[in-house]
Amino acid sequence: MKKKFKISLAAQILIGLILGIIVGGIFYGNPKVETYLQPLGDIFLHLIKMIVVPIIISTLIVGVAGTGDMKQLGRLGGKTLIYFEIITTVAIVVGLLSANLFHPGAGINMNELSQGDISKYVSTTEEVQHEGPFDIIVGIVPTNIIQSMAEGNMLAIIFFSVIFGLGVAAIGERGKPVLDFFQGVADAMFWVTNLVMKFAPIGVFGLIGVTVSKYGFASLIPLGKLAILVYVTMFFFIFVILGLVAKFAGVNIFYLIRVLKDELILAFSTASSEAVLPRVMLKMEKLGAPKDIVSFVIPTGYSFNLDGSTLYQAIAALFIAQMYGIHLSIGEQITLMLVLMVTSKGIAGVPGVSFVVLLATLGTVGIPIEGLAFIAGIDRILDMGRTVVNVIGNSLASLVMAKWEGRFDKEKMKNYFKENENLA
């Protein structure tokens with residue numbers, strides 16, 4: 001019997017990506033492309049948003065209730081936040097060093113650049129800046145969990161799920177039906193995820209087609225040095241910094257990338273970490289990280305461990321300073337780093353988060369925020385790259401935490417690679 005020819009999901013997404021680029025390029029500047037293709041991308045992203053919250057709630061409740069140890073959970077939370085702070089600080093330092101070494105903004109003629117509209121980010125930034133220093137902590141505790149679920153407030157959802165999971169564990173046998181219910185929800189939602197992924201190539205085709213038709217490739221030319229530097233620095237961060245971290249966890253970074261190849265192509269194409277969250281969580285479990293660690297670390301990382309975003313923000317800040325001929329002293333760059341460490345936390349759900357963080361940060365060291373308008377045109381291209389770094393960083397974080405807690409199942413990982421020999 002002849003073996004059926006099957007195109008992998010990664011190949012299907014790549015085909016969608018290439019076709020989107022071709023169609024967008026052919027119809028560059030034609031507003032009808034957005035009219036007809038944007039709904040394809042929006043439907044796919046809406047499908048993803050539809051399944052993310054039920055998956056996080058169900059897997060976290062099952063994981064926490066299965067452990068049922070408040071001390072262990074508190075220890076995991078503390079270690080996770082320390083790890084996130086260290087890694088994001090390293091990402092900022094790498095970004096600053098890169099921009100200082102290669103000066104991407106030097107010699108740029110601002111008259112040759114087109115300015116994008118950043119007004120929507122300015123209004124969002126004003127709302128964020130009006131918040132007090134403890135508002136993020138207060139916001140973690142929901143007053144209405146249904147409202148938090150509707151708004152996709154990840155930190156509030158995680159807080160509720162952890163507390164609920166501990167409650168289920170505390171009532172013993174009476175909690176078993178509740179646990180079985182949420183296990184059923186998790187299993188059903190992962191089945192739905194696989195169904196939604198069949199639409200991914202069409203969604204990618206729509207999103208990329210609209211992006212290319214709107215901005216074209218001409219917008220990359222004046223800012224080519226910035227785009228190349230951002231991508232080269234991200235490659236360095238993945239293969240050197242995260243590579244060393246992966247070695248500590250007993251994982252080869254190249255194997256991890258191969259395991260996640262479908263998700264990384266999808267994350268790159270859609271510039272959305274949410275698009276791959278359910279499948280990433282499932283794969284990290286298969287690689288040997290316990291369910292409770294995966295379901296806590298990865299969603300929390302979406303607010304506190306945006307390595308690609310913080311790295312880009314550091315480069316972009318210095319790029320704008322160099323473009324205006326502003327020299328930042330070491331002291332001012334340290335101030336910039338400290339402010340970025342604070343402003344980049346807890347607002348992952350805000351649209352255009354990197355722009356919002358930069359708008360909230362640049363003024364503190366005397367960099368004109370108007371400079372952001374010059375890089376708005378290529379932000380989507382850069383966003384695709386930083387999303388990939390964010391996904392790899394958060395995936396790896398779950399394995400590191402499992403190792404740090406002494407609960408990393410190496411045999412499970414070996415068995416996974418045996419079953420998928422093409423990965424090893």
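Guide: Let's begin with Phe-27, which is partly exposed because its relative accessible area is 41%; partly exposed means between buried, under 20%, and exposed, over 50%, with a 1.4 Å probe and protein chains only as cover. The model is predicted, so local features need pLDDT of at least 70 and side-chain atom pairs pLDDT 80 or more, while totals for chains, interfaces and linings use all residues. Residues are numbered from 1 along each chain as its sequence is written, and side-chain values use heavy atoms, leaving out hydrogens and water.

Phe-27 sits in the loop between α1 (9-26) and α2 (31-67). Helices here are DSSP runs of H or I with at least four residues, and strands are runs of E with at least two, numbered from the N terminus. Together with Ile-7, Leu-14, Ile-15, Ile-18, Leu-19, Ile-22 and Ile-26, Phe-27 makes a nonpolar surface patch of about 720 Å². Nonpolar side chains, meaning Val, Leu, Ile, Met, Phe, Trp and Tyr, are joined within 5 Å, and like charges within 9 Å. The areas come from the Shrake-Rupley method with a 1.4 Å probe, and for residues only the protein chains shown count as cover.

Asp-42 lies in α2, and Asp-42 is partly exposed because its relative accessible area is 30%. Asp-42 and Leu-207 are 165 residues apart in sequence, yet 7.9 Å apart in space, C-alpha to C-alpha.

Asp-262, in helix α12 (residues 261-270), is buried because its relative accessible area is 11%. Beyond its neighbours within four places in sequence, Asp-262 is in contact (heavy atoms within 4.5 Å) with Leu-9, Ala-10, Ile-13 and Arg-279.

Finally, step back to the whole protein chain. It has 20 helices and zero strands, and 52% of its 424 residues count as buried. Of its contacts with a separation of 6 or more, 85% are between residues 24 or more positions apart.

Methods:
Patches are made of residues with over 30% relative accessible area and no salt bridge: like charges are joined within 9 Å, nonpolar side chains (Val, Leu, Ile, Met, Phe, Trp, Tyr) within 5 Å. A salt bridge is a side-chain nitrogen of Lys or Arg within 4 Å of a carboxyl oxygen of Asp or Glu.
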